[in-house]
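Good morning, everyone. I'll talk about spaces and charged pairs today. Please look at the screen.

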Amino acid sequence: MSADSDLPPRGAFAPTAVPGTTTIPLARAWNTWGRRPAEMMFLPIGVRLTPVAYAASTRQATDFPPGGGARYGRHAVDGSLVEIGLDHAGTHVDLTWTKPDPYAVVGSWTAPTLGEWGLRFWFCLCVSADGGEIVRHDAASGATVVRVGHRFVAVVSADAPSLVSGHATIADLKSEYERHGYWHLSARSDAAPVLALRFNFEMMRTSRIAAAVADREDLAVARAKAALASEAAPVAPAQEGANAGSLDAVRDVIAWNTVWDGINARPYTAISRNWDVAKFGGFGVWLDDQLYAAMAAAMLDPELARENLAVSLSNATPEGNLACLITAMDGWVDRTQIPVASFVAWSIFARTGSRSMLSLTYDALARNQRWWWRVRDPGGRSLVSYGTSDVGEGLYKGTHFGARNESSMDNAPIHDETSYDPATRTLDCLDVGLNSLVALDAEMLALIAAELGDAEGAAEFAARAETTRRLIREELWDESRGIFANRLWDGRFVRSVGPTSFYPLVAGAASPEQVEKLLVHLDDPDLFGGRFGLPGVARNDPAFPDNTYWRGRIWPPLNFLTWHGLKRVGRHAEASKLASKSLALFAQSWDELRLCPENFNADSGEALDQPDTEGFYGWGVLMPAMGVGEICDVTPWEGFALVHDGRPVRLGPLETPAGRLTIESDGAVLSLQRGGATVLATDVRGRLTHLRLDAGGLSVTLPAGSEGGILRLPGVPATAIVAATIGGEPATWRADGDGIVVDVPGGRSAPVRLVVAVDREGAR
C-alpha cells in the first residue's frame, strides 16, 4: 500500500479480483476523494492522479495539501467538473478536471503566472494505486498503465513528459526533489509503485492529460487517447439573476468537502476537508454539521444526502442520544448537539419523496427525543437543560464546558451566568434555543411517525411538542425586555441574549403578540441590527467586542434557523432581508477569495481577522442556501414553494418534489423545466406554496393579490382533465397547443387553492 493512501490495507487478492470500493455511484467514481484537493481518484480501485510541483527557487516541493496553496473553484458533485487554482513559490497554475464519461477523466492546466524560469519549475502528475500495484510507462506508445485486479487504468498526455521517474511514495518524490534539485536523473524509471510524469513550464506551460479505465490494456489506452482528444461541454451557472451564484456556492462547498473516510470505509461531507487529517486524525463527525451537510446535499444529490444522514445516525449511542462528536481520536458520547436531525430528515423526505430515508432515521431519532426528557430534565420541569452524562471518556466530560458543547455554541455569553450541577450533570439553566429545537424535533417526529404508520408515536410526539411550545411561551418569555431568553433554575432570566431568542419562531411557540414584540429587536442597532446580521450575542452585550468564536461573531446556523422561523410565522419581508444580509456577508469572502467561512466579524464582515476561523467550513453553505430558498424551497410549513417576484432568475438543476427541475423567469413568466421540457409556466406573482406537480395533475396555493394571470400546463392534453377548481369552485380553463391554460382571476383577498386533476390513462 502506498504510504500516502487514505485507504486501509486491503491485503492480498487474486489477479482477477477488483478490490476497493464498489458501492459508490458510478457517476461519482472519479472524484477528489483523497486528502489532497487537486488529486483525482478512481475510488472503486484506488487509482490516483496526484499533482506535485517543485520550485528550484525555493528548493521546495508540494503535493498541495489542504490549505497549502489551493484555491477551490467550481466543483460538480459528481466530479464532472473540478477547477482548482494552485500556488507555489510565486507560480500560479489553473488545473481543471473534466469527465467525458464515468470511466474517463481529463486534466488540463495552464500557468498564467511564473515565479521563476519555467525550465526550473516542474509540474508532475503522479500515477499510483492504493494497493501498491506497479505502474508502468511505455515511451513508445506514450501510455502509463496500472493494473488492479482485472482492471486497467491508462494515462496519456498531449505532450510527452520531459522525464518519468519512479518512487515508492509521493513523499519520496518530494524528498528527492528537495535533496537533489530540479534536474536529477537517478530516479528515471518506467516501472514503480508511483510514476511521476514530469513536465516543466518552459516547454509545457499549458497541456493536458487523460486517464481511462477498461478491462483490457489496449482498450484503456485507446479510450484515454479518445478522451484526450475530446472537448469538454460548457457548464452553465446553476443560479443566475436573483441571488446569482447561491446554488453554485452550495454545490462547490458540498462537493469540495465530500471525501472518502478510509477508516470507516464510507463517503461523507466533512466539516472541512482542511481538518480531516490535521485536526481529527482521519475523520471527524460533528453531529449538527453532518446534518446540515445532508440538508444542503439534498438540493443536489439525494444519494449524497442519504450518505450524510447515515453518517450522522451511525453515531447513535446505546444510551439513546446521538453523539456530539466522533473522530479518529475521541468520542463525545456523553453529549449530543442541538436536535435538528428530525427537521433535516423531514425536509429531505419532503424534497426527495424518499420514505426509505424516514425509515432509516426514525428509530434513532425517536430514541434521541426521548433521551432528552429522560436525561436532561432532572427537575421534571418539562423543559430541558444542556449537560454531560457519565458515559464514555470524551475530552471535557463532566465539566461546565462539556455541557456547553451540546449547544454547539461553546463559549457563547448566553452560558456565562450558568453553573454546572454535578448532581444532575446539567447546567442550571433552561435554554430557550434548545427547548425550541426540542419542540421542533418532536413536531417533525410526529410527522415522520404518521408517514410511517406509527399512530401511537405520532400522538406521543405531537403532544410533547405542544406541551414544550406552551411552556416556552409561558416561562421563557421575558416581558420586561419583550424577548425570549434563557432562564436559570432559580427563576432569573439570563442577561445575555443571542439569535437563539428567535428560535421559538421556528418551533411555532411564540404567540402573535410575542412575535410582534420580538421582531422589533431584529433591526435594533444596539441588539441585532446593523449591516451584517445576526451577531452571536447582542451588540450591546459586554462580550460582543471580544470577537472570539461565539462571542460577538456571526454564525451561519444562527441566521439559517432564524430565517426559517421568520418564514414559518409568515414574516417573509423580514426573512428576505435577513437572507439578503447573509448573502452579502457571504459574498464578501466568496466572490474573490473563494472562502466559505465558519463565522464572520459582525462589524467588518471579515472572516480571517482572527486566528480561530476555518476558511472553508461546511456549514458556511447555509448562507447561500438561504439565497436558493428565497426562490425555491421545501419546508414543513409551506411545502414545495416558489417565489415569482418579477426578478429575472435561472436556478437549477435543483432537486424538488416534482423532480430535478430548472426554474426560469424572464421577469414576466416563471417556468419549471424538467429534462429540457417546460412542465409549468405562470405569470401569477407572489409566493406559490404547497405545490404538487405529478402524473395526477397539479395543486398549488396561490397568494392573495389583486392581479390575475394564467397558469399553463404544457404536455397535459385537454382530454385528460378530470376537474379544475379554484377555491373549491370550477376554474376556467382551455386547451392550448399540447397543453392547457387555467385562468387565475384577480382580486383575491386571501390565498386560494388551485387544483387540476388529470387522468392520463383515461385520455387514451
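Let me start with a term. A salt bridge is a side-chain nitrogen of Lys or Arg within 4 Å of a carboxyl oxygen of Asp or Glu. Keep in mind that this model is predicted.

Now a case. Arg650 and Glu664 form a salt bridge through their side chains, at 3.5 Å from N to O. Where do Arg650 and Glu664 lie? Arg650 is in strand S30, and Glu664 is in strand S31, residues 659-665. So the pair ties together parts that are 14 residues apart in sequence.

Are these two buried or exposed? Here we need the cut-offs. Buried means under 20% relative accessible area, exposed means over 50%, and partly exposed is in between. Arg650 has a relative accessible area of 21%, so Arg650 is partly exposed. Glu664 is at 27%, so Glu664 counts as partly exposed too.

Next, a network. Salt bridges that share partners join Arg35, Arg36, Glu39, Arg48, Asp63, Asp130 and Lys174.

How many salt bridges does the structure hold? The count is 47. Why can such pairs form at all? Side chains of opposite charge can pair when their charged atoms come close.

Let's take another pair. The side chains of Asp523 and Lys577 meet in a salt bridge, 3.1 Å from N to O. This pair links distant parts of the chain, 54 residues apart. Asp523 sits in the loop between helix H12 (512-519) and H13. Lys577 sits in helix H14, residues 572-590. Asp523 has 45% relative accessibility, so Asp523 counts as partly exposed. Lys577 has 41%, so Lys577 is partly exposed as well.

One more pair. Arg351 and Asp633 make a salt bridge with their side chains, 3.7 Å from N to O. Arg351 lies in helix H6 and Asp633 in strand S28, so the pair ties together parts that are 282 residues apart in sequence. Both residues, Arg351 and Asp633, are buried.

Hold on to those two names. They come back in the cavities.

How many cavities of 30 Å³ or more does a search of the whole structure find? It finds 5. The largest cavity has a volume of about 140 Å³. It is lined by 16 residues, and the closest to its centre are Met295, Met299, Arg351, Phe560 and Asp633. By class, the lining of the largest cavity has 11 nonpolar, 3 polar and 2 charged residues.

On to the second largest cavity. Its volume is about 90 Å³. Of its 17 lining residues, Ile338, Ser407, Ser408, Met409 and Tyr503 are the closest to the centre. H4, helix H9 (432-451) and H13 each supply at least two residues of this lining. The largest share, 3 residues, comes from H9. The lining of the second largest cavity divides into 11 nonpolar, 4 polar and 2 charged residues.

How much space lies in the largest pocket? About 830 Å³. The lining has 37 residues, and the closest to the pocket's centre are Ala76, Asp78, Ser80, Leu81 and Val235. Several elements give two or more residues: strand S5 (70-75), strand S6 (81-88), strand S7 (91-101), strand S8 (104-113), helix H3 (246-257) and strand S30 (649-656). Which element gives the largest share of the lining? S7 does, with 4 residues. By class, the lining of the largest pocket has 17 nonpolar, 7 polar and 13 charged residues.

Last stop. The second largest pocket has a volume of about 510 Å³. It is lined by 25 residues, and Lys279, Trp286, Trp332, Asp410 and Tyr549 lie nearest its centre. Strand S21 (325-327) and helix H8 (400-405) each supply at least two lining residues. The lining of the second largest pocket comprises 14 nonpolar, 5 polar and 6 charged residues.

One thing to take away.

How values were computed. Residues are numbered from 1 along each chain as its sequence is written. This is a predicted model: local features need pLDDT of at least 70, side-chain atom pairs count only at pLDDT 80 or more; totals for chains, interfaces and linings use all residues. Side-chain values use heavy atoms; hydrogens and water are left out. On a 1 Å grid over the protein atoms alone, a cavity is a set of points where a 1.4 Å probe fits but cannot get out, and a pocket is an open set with protein on both sides within 12 Å along at least five of seven lines; lining residues have an atom within 4 Å of a point. Grid points are joined across faces, edges and corners, and a volume is the space filled by probe spheres set on the points. Ala, Val, Leu, Ile, Met, Phe, Trp, Tyr, Cys and Pro count as nonpolar, Asp, Glu, Lys and Arg as charged, and the others, Gly among them, as polar. Buried means under 20% relative accessible area, exposed over 50%, partly exposed in between (1.4 Å probe, protein chains only).
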